[in-house]
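Morning, everyone. I have a few minutes and one structure to walk through. Here it is on the screen.

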Amino acid sequence: MKRQVPLAITAVVGIVYIFQYFVPHEPVSKFSDWFSDWFAIIQAFAIWLGALNLMKLSAIKVARRKRDWIYSLVTIISFAIIVIVGLFFSGGTDFQVRGTRFMYIYDNVYDPLSSTMFAILAFFVASASYRAFRARNKEATMLLLAAFFVMLGRVPVGDMISAFMPEGLRFSNVADWVMNIPNMAGQRAIMIGIALGIMSTSLRIILGIERTFVGGD
Amino acid sequence: MVFLAVLMLSVTGHPALAQEQQAARLTDTAQVDTTALLEPELVAPATVGGISAEDTPDDAGKSITVSWELSVDDTTGKENVAQYIVLRGTSSDGPFDTAGTATAGTNTLTDGQVENGIDYFYKVIAVSSTLLPSGEELSASLPQDLYDAARASGQWYHEARTTRILPWVLVIGLSILWFIKAAKKGRELYVRPIAGLAEVEHAIGRATEMGRKIVYVPGIQDMDNVQTLAGVTILGRIAKLAAEYDAQLDVPVSRSLVMVTAREVVKEAYLSVGRPDAFNEDMVHYITDDQFGYAAALDGLFVREKPATIFYMGAFYAESLILAETGNTIGAIQIAGTAMPAQLPFFVAACDYTLIGEELFAASAYLSKEAKLLGSLKGQDVAKVLILIAAIIGVLMATLGFVNISGWFRV
Amino acid sequence: MNNRVLAYIVVAVGIAVFAILAATQGFAVTMGAFFTIGIFSFLYKDNPYYKFSEAVFVGISAGYWFVSLFWQNMVSKLYMGIQAAYNTTFVEHAGWDDRWMMLLGGLLGLFMLLRLFPKIGWLSRWSLAVIVGATAGLYFINYFVSNGIIQLGAIIAPLQSFTEAGKLDWWGTISQALLVAGTLSGVVYFYFSKEHTGAFGGVAKIGIWTLMLTFGASFGYTVMSRMSLLIGRMDYLVGTWLGLIR
Amino acid sequence: MNFWVRLMTIDRRIIFLFVVIAVTIPLFLNISQEIVVSTEVQTGFDAFSALQPGARVLVACDYDPPSSPELQPMAVATFRYCLDHDLKFIIIGLWPQGPQQANAAFETVLGYPISDTITYNGKTLIYGRDWVNLGFQAGNELVIQRMGSSIPAAFPRDYRGTPLEDLPLMQGVQNFNNIDFVMNISAGYPGVYEWVQFGVDRFGVRLVGGTTAVQAPLIYPYYGSGQLLGVLGGLKGAAEFEGLVGVSGKATQFMLSQSFAHVIVILFIIVGNVAYFVGGRKQKKT
C-alpha cells in the first residue's frame, strides 16, 4: 500500500500521458486538461503545508528568542496582514482587480521589493564579469569574445565605434552572426542533449527504477 | 438585396456611416439600415471559388475543416473583402447559420461546433463588412450551388506523430531499456567521469570538517517540472552522503509540493544508511513561492550562516546569479546543475563546478553508481549516435541535391 | 559616543527623511522607495534595514501566493467547477460534465493535507505519484519533439546558399557548415560512454568551444537584460519618486 | 602587495558604485543615437504588418512588474500598432499580472484611463467589439493546449466576468484557427518556450515572441527553424520595434543608459583581465 501503489500509479499515469500524444481520440485527449486542473488544485492544498511550516519555524524563533527573532515576528505579521486583507477585504475572486486593498499592498510593497531584488542582478552581473570572466584558457576566451561582440553589437554605441569598418564587420552584424550561427548551434546541442536526458529520466521514473519519490515504508 | 446594400455601405471609405451602422448592429444584428440605399456605386466582392469540407484530421472529433479558394476581390490592390463568413447547415438547401468567420486572406476555418457522425453542409461567402449579418441578409446573398458536405469523427491515432515520432520513441526507449537490462545482468558499463560529480563527496566532507552547513537548493520550479524531479532525486543521493558524513543538511525550498517530496526523499536517504535519529523534518523547510522573496531569504541565510557547501540542482531563472554571487563572496564551495541555458554562464562563472544541461539528468545515475541507472545513460548515447547519423546523412543528401528529408522531422 | 546612540540617531534621521518625503511625494510611492532602498542596502553589507525588508518580503510574498492560490485554484477552479458540474448534471439534467473530474483533484489535494496526521500521511504519496507520473509522461514527449526531433529537422538543409545573383554565397555556405558542425560536435560533447581523448576528444573540444560561444552570447544578453532592470529601477527612484527627470 | 594585485581583489562595492553612476547619469542626458534594426525584429514586424485591418491579434502578456522595464515598451508599441492599423486585439495572460500590464500599456498609448468606449485619432473603439481582455488563467502551458481545442473553454469569461458569447469580437472564435496572429511578450515560464511547443508545434499559430534579453538567445533556434516568425530581444529589441512602429518610447529613451552600462561592464572585464595577466597569475587561488 505505502510503496507499491504509488509506484503503480506513477507508471500508469506516466504511460497514459505518453499515449495521449499519439491518440487524439477522447477520452485520452482530455487527460492533460484534467491533470492541469488536478495539479492546480493539489498546489492550492499543498501551500497550506508550506505556509504552516513557515509560520511554525518563525514562531519557534520568536518563542525561543533566537538570534534575529524580531525579524521572524515581522515575517509573521506581514504574512498575516496580506492574507487577512486578501481573503476578507479585497472583493473575493476579484482580489486582483485594480484598486483593491490587496493590489495596494502588491503595488507598493511587493512590487518594489521584487523589482529591486531583480535589479540587484545588474550589480552582481558587473562584479561577476569583473571577477570571474578572465581569459584563463581557450574556452574562457571564447566565452569572452562572444560576450564582447554581443554586448557592443546590441547597443547603438557599438555601431558608432565600429562605423569605420566595412558594413559586414559592424558590431551589430557581428553580433547577429554570433547569435545566428555559434549561439544557435550551441543552443541546439544543449536542447537535444536535454531532450534525451529528460527522456531517460522520465523513463526511469515511470518504470520505477528511480523510486526515491515514494519514500520508505 | 438589402444585405448587399448593407455591405456596400460598410465598405471602408465611409467610416462615419459604417460606425453608426456597426454600433447599431451591436444592439440588434437583425436590424437593417435603409440609409444604405444611398450608396449605389459600391459593389459586393466576388464570391469564393470552390469550397471543400472534410473531417479535421488527427483530432478528437466534433470538428470539420472547411477550406475555399479566395475571392478574386481578395488580392493585393483589390482589397474589397473584409472577411469570409462560413455557414453551416444540416441539408444542402438550408437553413444555414454562421459557423465562424475568417479574415481576408485566410482560406480555411475549423468548425468545432459540430457533432460526430452527422452530415453538415457548408457555404462560404465573402463580405466587405467586418460585422456579422443577420439571417435573412445571409439567405439573400447565398451562392446557390456552391457548397460541400462532411461528417466529423475522432481518430484513434495521430498520423504524422505515429509515423514520424513513435519509431524514434520506440527505438530510443527500447535501447535505454535494453542497456538497463544488460546492466542488471552485471555487464560492465563505462561512463566518462564528470568533474562536478567527482567533487561532490569532497565538498560534503569539507563541510563536515568545518562543522558548517550544506545548503541544497532544488531550483524554484514546482514538481510539475522535470528538472525539479532531477534535482530532488540528486538530493536523495546527497542526503545519503551527508548522513554518512554526519554533516548538517539544510534544504530551503520555494514550493510546498517540493517540500513534501524532498522530505520523503531525505528521510528515505537517512533511513537507508541507518541514521533515522539524525533526520529532522525541518531540514527541509518552505520559505516562499516567490522567486525573489526566496532569493532574498537565501541571501540572508548565506551571509548569516556561512554554509561551507552549496548545491544548486534544478530549474533556475534570474535568481541563479544572486545566489551564486552571494555564495561566492562567503567562500562556499558551489556545485550547480541546470538545464536552463540562460543561467549556465553565470553558474559557470560563479560556481566551482557546473553540470551542463544533460549532465544534470545524468547526475543521479552517476552518484547512485547503480548499474541499472548507468545503463539508461548508455541508452541516451545510442540515441545521440542515431541523431548524428540522421543529421549527417540528411545534410549530405540535401547538399548533394538528392532529396531534403527535413520534412520527416516535422509534425 | 557609543554605537547604540549612533544607531538611534541614524534611525531617527532616516524616519524623519522618509516622513518628509512621504508628505511631499506621497505615502504609497515613498513606501515603495523605502523597501527599494532597503533591498539595495544589502549591496553594502547585511544590515538590520535589509533584514527588515527581507522579513517583510518573505511574509508578504508567501501570503501573496497563499491568497492567489486560494482564490484562483481553490475557489475559482475547484469550488466553482464542481458547482458548474452540479448544475449541468442535476439542475439542467444535461448528464455528465467533465468538471466532475475536479473532485478527483480535490481528493488528491486532501490526501496532501493528511500529512498533518502522521498515521495516514503516507496517502499523500498517492498524490505525489500522480504528479510525478504525469510530469514524467508529459515531458518525455514534448521535449523530445520540440527540442529533439524538430531541431534535428532544422539542421537538415543544403549547406550551400546562393546570392540573388545566383552565385554561390561563400560566407553563407561557410556559416551553415559551421552551424551544422557546431551543433553535432556539441552533441558529441555530451556523449557519456567515451573519454574525451584522441580524435573523439578533438570533436568534443570543438563542441565545448561552441557551447562557450553560446554561453558568451547568453552572458552578453543577460548583461543587457539586467542593466535594463536597474535602469528601470533608477528611473523609478529618480523620476517617479523624486521627480527629478523631465 | 602590488597595484595590479590590489586591483584584482578590489572591493566589489566600488564596482557597484560605478554601475550606479553609469546608468543614472544618462537618464538626465539627451543624446539621440541611431538604432539599427536586426533581422529577427524586422521579420517579426513584417509578419505583423502583413495583417489586414480587422484581423484578430492575440496579445499574450506573460510577465509582471519586475520585468516591465524591458517588456512594457514592447506591449505599448504593439497596442499602438494595432490601434493605428485597425487590428482587433485580444489580451490574455498566463501570468497573473499580465493582463493588468497590458491594460497599463494600453493606457500609456491612449494617454488616459481605459473606458468601454474610447477614441483614438478620431476613431471610436468599443470594448468587446474592437478589443477584449480575457484576463489571467492558471495552468501554464496547458492553458495554451486547451485554447488549441477551444478558446471559450480555456477562457469562459473576460477579466470582468462577461461571458465570451456576449463579446462580439469573440463570436466565431473557437480556437487558434480564428486567430490571425499571436504576439507573446514573456519574462520566463510560462512564455515563448511554451507558446512554441504548444501553440506553434501543436496548433500552428503564427507567433512572434518578445522576451527579456536573457531569454532571447534560448529562443533563437526556434527562430532559425521557422517556429517563430520574429524575436524581440530585451530593451534593444523593444527600441528597434518602437522605431519600426514609429513611436519614441521608454526603450528608445533608455538606450543611452544601456550603452553606458554595457561599456562599463566591458571596461570591467578588460581591466579585470589586464590585472589578471599583469599581476594576477602569480597569485595562488586561496
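Let's start inside. I165(B) counts as buried, at 0% relative accessibility. Buried means under 20% relative accessible area, exposed means over 50%, and partly exposed is in between, with a 1.4 Å probe and protein chains only. I165(B) sits in the loop between α4 (159-164) and α5 (166-184) of chain B. Helices are DSSP runs of H or I with at least four residues, strands are runs of E with at least two, and both are numbered from the N terminus. From I165(B) to I220(B) is 55 residues along the chain, and their C-alpha atoms are separated by 31 Å.

Some ground rules. This is a predicted model, where local features need pLDDT of at least 70, side-chain atom pairs count only at pLDDT 80 or more, and totals for chains, interfaces and linings use all residues. Residues are numbered from 1 along each chain as its sequence is written, chains are lettered from A and ligands numbered from 1 in the order in which they are written, and side-chain values use heavy atoms, with hydrogens and water left out.

Take C61(D): the nearest cysteine sulfur belongs to C82(D), and that is 11 Å away. C61(D) is buried, at 0% relative accessibility. C351(B) is buried too, at 8%.

Next, the backbone. Most residues other than glycine have a negative phi, and most peptide bonds are trans. Here are some exceptions. The peptide bond from Y189(D) to P190(D) is cis, with omega near -10 degrees. P190(D) is in the loop between β6 (181-186) and α8 (192-203) of chain D. H93(C) has a positive phi, near 50 degrees. Its loop runs between α3 (48-91) and α4 (102-113) of chain C. Is H93(C) buried or exposed? Exposed, with a relative accessible area of 61%.

Last stop, chain A. R65(A) also has a positive phi, near 50 degrees. R65(A) lies in the loop between α2 and α3 of chain A, and is exposed at 52% relative accessibility. R64(A) is found in the loop between α2 (31-63) and α3 (69-88). R64(A) counts as exposed because its relative accessible area is 58%. That's the tour. Questions, please.

Conventions: Disulfide = S-S within 2.5 Å.
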